[in-house]
Amino acid sequence: MNFYQKEIHLKARSRGFHLITTEITSQLDELSNIKTGQLQVFIKHTSASLTINENADPTVRQDFESHMNTMVPENAPYYIHTYEGPDDMPAHIKASLMGASVTIPVTNGRLNLGTWQGVYLCEHRNNGGSRKVVLTLLGN
């Protein structure tokens, strides 16, 4: 069994849901060495998250953003943690709801995602900046 681990920096993105599958795979040369295995992608932030979903129609990502903003609104009168602006506490809640990691099967040197699946960076802050992601690849 081989193990590889690498921390990468994702470019800064605007608030919303962004496909990052290619950005991940292009920085993981070791992927081609794995015939059967798994890739865990973990984000090192509390105001952004990761998920896997539709990779073809960008309106899905827009609908995710709209729904999350309705479900977890800014400026709720019961928020106590407001020091970093009105998008901060909602970003923490959204990140917890969406999750900090995804695990993807690897087959013959490629991510074994479904035809219409891609990895999303869910950027919940207006100005989140560059994000750090740890890639842990294991397999034979």
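**Ground rules.** I number residues from 1 along each chain as its sequence is written. The model is predicted, so I take local features only at pLDDT of at least 70 and side-chain atom pairs only at pLDDT 80 or more, with all residues used in totals for chains, interfaces and linings, and I work with heavy atoms for side-chain values, leaving out hydrogens and water. Helices (H or I, at least four residues) and strands (E, at least two) are DSSP runs numbered from the N terminus.

**Entry 1: α2 and α3.** I looked up how helix α2 (residues 58-71) and helix α3 (residues 88-98) pack. Their axes come within 10 Å and cross at roughly 120°. The axes are lines fitted to C-alpha atoms over the stretch in contact, with angles from 0 to 180 degrees between N-to-C directions. I note the crossing of α2 and α3 as right-handed; that is, the near helix is turned clockwise from the far one by less than a right angle. From α2, Phe64, Met68, Asn69 and Met71 meet Lys94, Leu97 and Met98 of α3. Contact here means heavy atoms within 4.5 Å. The residues of this α2 contact with α3 divide into five nonpolar, one polar and one charged.

Entry 2: Just after α3, glycine 99 takes a positive phi of about 110°.

**Entry 3: histidine 92 and serine 47.** Histidine 92 is in α3. Its side chain reaches the backbone oxygen of threonine 46 at 2.9 Å. Beyond four places in sequence, histidine 92 touches Thr46, Ser47 and His81. Serine 47 sits in the loop between β3 (36-43) and β4 (48-54). I find serine 47 buried, because its relative accessible area is 8%. Its side chain makes a polar contact with the side chain of arginine 131 (3.2 Å). A polar contact is a pair of N or O atoms within 3.5 Å; within protein, one must be able to donate a hydrogen and the other to accept it, and residues adjacent in sequence count only if both atoms are side-chain atoms.

**Entry 4: cores.** I then checked the nonpolar cores (sets of buried Ala, Val, Leu, Ile, Met, Phe, Trp, Tyr and Cys residues joined through side-chain atoms within 4.5 Å). The largest has 22 residues, and Ile24, Leu39, Val41 and Leu135 have the most contacts inside it. At least two residues of this core come from each of β1 (2-10), β3, β4, β5, β7 (117-123) and β8 (131-139). A second, separate core of five residues includes Met68, Met98, Tyr120 and Cys122.

**Entry 5: threonine 107.** Threonine 107 lies in β5 (residues 101-107). I call threonine 107 partly exposed because its relative accessible area is 34%. Its side chain makes a polar contact with that of asparagine 112 (2.8 Å). Apart from neighbours within four places in sequence, threonine 107 contacts Lys35 and Asn112.

**Entry 6: asparagine 55.** Asparagine 55 is in the loop between β4 and α2. I find asparagine 55 partly exposed, with a relative accessible area of 27%. Asparagine 55 and histidine 18 are 37 residues apart in sequence and 9.5 Å apart in space, C-alpha to C-alpha.

Note on methods:
Nonpolar A, V, L, I, M, F, W, Y, C, P; charged D, E, K, R; others polar. Buried < 20%, exposed > 50% of the residue type's maximum accessible area, 1.4 Å probe, protein only.
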